[in-house]
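Here's a quick tour for anyone new to reading protein structures. Have a look at the picture first, then go through the points below.

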Amino acid sequence: MKITRRELLISAGSLLAYSQLGSLANAEVNIAAQPGDQEMIASMCKALYPHDRFPMSIYMDVAAGAIKKGNADTGAKISFRAGLDGLKINKFDKMNFKKQTKYLKSIENTPFFGLVRGHTVVALYDHKEVHKIFGYQGASFDKGGYKDGEYNDLSWLPEPRIEEHPDLTAFLDDSSPKKYASLKIKKTF
Amino acid sequence: MKIDKKEKAVVVIGSGPGGAQVAYQLTKQGIPVVLLEAGRRIMKEEYVNEEWPAFSQMAWLDKRTMSGNARIVKDFNGLPTWLVKAVGGTATHWAGATPRFLDYEWKTKSTYGSVDGATLMDWPIDGKEMKPYYVKAEDAIGSTHRGGRPPLPANNNYKVFAEGAKRVGYKFYATGPYGTNAAPYDGRPASIQDGFNFQGDKNGSKWNPNVSEIPKALATGKLELRTNSQAVQITTDSSGKADGVLYMDTKTKALHRQEAKVICVAGNSIETPRLFLMSASSRFPNGLANSSDQVGRNYMRHLTGSVYATFDKPVNFFRGETMAGFLADEVKHNPKRGFVGGYYLETLALGPSFLGAFLDPGKWGKKFADMMDGYQNMAGMWIVGEDMPQANNRITLGSAKDAFGLPAPNVHFDDHPNDTAMRNHAYEKGEAIYKAVGATQTYRVTPYPHTHNLGSMRMSAKAKDGVVDKWGRCHDVKNLFVSDGSVMTTGAACNPTLTITALAIRQGEYLADQLKKGNV
């Protein structure tokens, strides 16, 4: 079975894209090299995954990565160029959010959209600044792990039991096929 | 130790929980073993506590394709599973839950009866026979809550999960059984609550063969571990016995051959049948040991799915152990729910990087962004349930080629209506748990590529019904064994690694005995 480039980008692309980040070919003609192009793509990234708490600089970083991918090969270049032209002609960055969403819906099946969306969902939520804003602290190994009072600092619920319930073994062991053989499945499918 | 390629050796293919365990059981008894591993050895110091870099470091990214009606086919077509290409296999990535099969889960055909479209079958072994091996497996892994080993403490994600479960009326929640040390055990330290179990665990508190069976087997002096050595064909002699393994040095692409007297294959549910199918010959035209036509069929991947919820107060669910939260109340077969079999709910935390990719693949827009925006106030759980074996959910050799020019495996997967009914039930229960403790938004997450890959080389009493017998020995080729989760006749509700380990210990002991008696 053949995977088309588009399928790859919008699906597994989100995952596989990461491992391809470093393998971009040298390009002769660069797409999206005009002043304002990166801002335009950034406005699309923001409309796709709108977070008021994120400064525009984060979306600009993400846009730079998308543009790099748009220049990865000839196929990407021609679709990226067409998609970017569409944004420019329609003054996408000047639309309100509702209109932007409507426009993005209308181009949802284009390779350009697939490329930018697939890249954005990975690059945006992998961005170190985003992790900070989200309060995600990530690795703790070098600090000796999360300490008592950190990994369990939630105080708005009572302390739970951590041992198994005393009836668990009896519950799991009570499993004679005979008991279940008499039960008939109520077909809901 | 160094074993000559011309020597007829015991060859184990794959160093995950199945292969490494068999190799350890044999070498422990003084039997030399060549262990072929397609990946390299990544020492724990090299593990990376960042989601995507760790993924790139260890994931099996060789070309694979998918077909079928399951949503994952569209969402992640090039990546049907999340397997690891490294010493220790996919246990490098596993989180660590270690429940056992329930007794009747060895006999699903007898218990559930016939289910349309499903190929349910009783295993040729039962819970009574497996019980002592489960104890050995729990001791090998160091499961918490078992063998006198203490439970892990509650982290924030568990606090939300357990209290929600309690308020819904559930009883059977706990922080395990779990394969990461709560106290020092077997030369490995206690957890320092640093998470990143999926990325290998730098602290070495989590069991996986790379920090346990592999060093132990090497210490016997009887193991030759050959890394970057990917098996591509098993050859047979004129009597139809397996006599050698052709394997490729993945760095130089040079092809080598190891002579063999016994071969144990543990390449996981995709690579194991792929190797058998690539070993077709004039004697075995449909693939090696495939007179039953069952090689590659009945591939299962467990029910799976997740529920995430946000609250109006912080949770910080990423801190601490990745999956140390366990709920068994829905595991029992109760057809009144509208499906056969049962499921567990288990806590699960992802970082923002993975959550973005998996929360709702392909989705974009404000609702998605709002859910991600609640990251700090988020809790999460994973659904693990029994999925139905189906004859056409199978691994075949596709028309696509991998980077080595070998036929890439195609994974066909259709959801069974029983799977869908069970998943919807689990989604409802998971949401109820979180709503009981004040969730402001809940999110149902569709299955994504993961580690639970079962069946495709099923175990059967009769040769016509499956590929291997009760010892994991091929019905058609008597010196060829399968030692991984692909032998599973049916998958039960539980996370599979403990059962794979128990089966491998049992097989290793049997094989050592047979070799000593000269029966193989």
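Which residues of α6(B) meet which residues of α11(B)? On the α6(B) side they are B:Phe161, B:Gly164, B:Ala165, B:Arg167 and B:Val168, and on the α11(B) side they are B:Ala432, B:Ile433, B:Tyr434 and B:Ala436. Keep in mind that you're looking at a predicted model.

**Chain B as a whole**

- Chain B is built from twelve helices and 16 strands. Its radius of gyration is 22 Å, close to the 24 Å that the globule rule gives for 520 residues, so chain B is as compact as a globular protein of that length.
- Of the 520 residues in chain B, 64% count as buried.
- Take the contacts in chain B between residues at least 6 apart in sequence: 75% of them join residues at least 24 apart.

**Two helices crossing in chain B**

- Back to the pair from the opening question: α6 (residues 156-168) and α11 (residues 417-436) of chain B pack with their axes 7 Å apart, at an angle of about 100°. That makes α6(B) roughly perpendicular to α11(B).
- What kinds of residues make up this contact? They divide into seven nonpolar, one polar and one charged.
- Helix α11(B) also lies across strands β9, β11 (343-347), β12 (378-385) and β15 of chain B, and runs at about 150° to β12(B).

**Sheet and hairpin in chain B**

- Those strands bring us to an open sheet of six strands in chain B, with the order β4-β10-β11-β12-β9-β15 and antiparallel pairing. At the edges stand β4 and β15 (441-445) of chain B, each with a single partner strand, so one side of each has no neighbour in the sheet.
- Zoom in on β9(B) and β15(B): they run antiparallel and are joined by five bridges. One place to look is B:Ser306, whose bridge partner in β15(B) is B:Val445.
- If you want to follow side chains along a strand, here's a handy rule: in a regular strand they alternate between the two faces of the sheet.
- Elsewhere in chain B, strands β13 (residues 395-401) and β14 (residues 407-412) pair in the antiparallel sense over four bridges. Here B:Lys401 stands opposite B:Pro407 in β14(B).
- The hairpin of β13(B) and β14(B) has five residues between the strands, and B:Gly405 in this hairpin takes a positive phi near 85°.

- The peptide bond that joins B:Gly176 and B:Pro177 is cis, with omega about 10°. You'll find B:Pro177 in the loop between β4 (173-174) and α7 (213-219) of chain B.
- B:Asn268 isn't a glycine, yet it has a positive phi of about 80°. It is found in helix α8 (residues 268-278) of chain B. Is B:Asn268 buried or exposed? B:Asn268 is buried, with 28 other C-beta atoms within 10 Å.
- B:Thr304 is another residue other than glycine with a positive phi, this time near 55°. Look for B:Thr304 in the loop between α8 and β9 (306-310) of chain B. B:Thr304 is buried too, with 21 other C-beta atoms within 10 Å.

- In chain A, the axes of helix α3 (residues 37-48) and helix α4 (residues 56-70) come within 8 Å and cross at roughly 110°. The two helices α3(A) and α4(A) are therefore roughly perpendicular to each other.
- Residues of α3(A) in this contact include A:Ile41, A:Ala42 and A:Cys45, and those of α4(A) include A:Met60, A:Ala63 and A:Ile67. The residues of the contact divide into eleven nonpolar, one polar and one charged.
- How many residues does each chain bring to the contact between the chains? Chain A gives 64 residues and chain B gives 77.
- On the chain A side, the elements that give two or more residues are α1 (5-10), α2 (13-20), α7 (111-125), α8 (128-134), α9 (168-173) and α10 (177-181) of chain A.
- The residues on the side of chain A that touches chain B divide into 37 nonpolar, 15 polar and twelve charged.

Notes
Residues are numbered from 1 along each chain as its sequence is written. Chains are lettered from A and ligands numbered from 1 in the order in which they are written. This is a predicted model: local features need pLDDT of at least 70, side-chain atom pairs count only at pLDDT 80 or more; totals for chains, interfaces and linings use all residues. Axes are lines fitted to C-alpha atoms, for helices over the stretch in contact, and angles run from 0 to 180 degrees between N-to-C directions. Angles under 35 degrees count as roughly parallel, over 145 as roughly antiparallel, 65 to 115 as roughly perpendicular and the rest as oblique. Two residues are in contact if their C-beta atoms, placed from the backbone, lie within 7 Å. Ala, Val, Leu, Ile, Met, Phe, Trp, Tyr, Cys and Pro count as nonpolar, Asp, Glu, Lys and Arg as charged, and the others, Gly among them, as polar. A residue is buried if 20 or more other C-beta atoms lie within 10 Å of its own, exposed if 12 or fewer, and partly exposed in between; C-beta atoms are placed from the backbone. The radius of gyration is taken over C-alpha atoms; the globule rule is 2.2 Å times the number of residues to the power 0.38. Two strands pair if DSSP finds at least two bridges between them.
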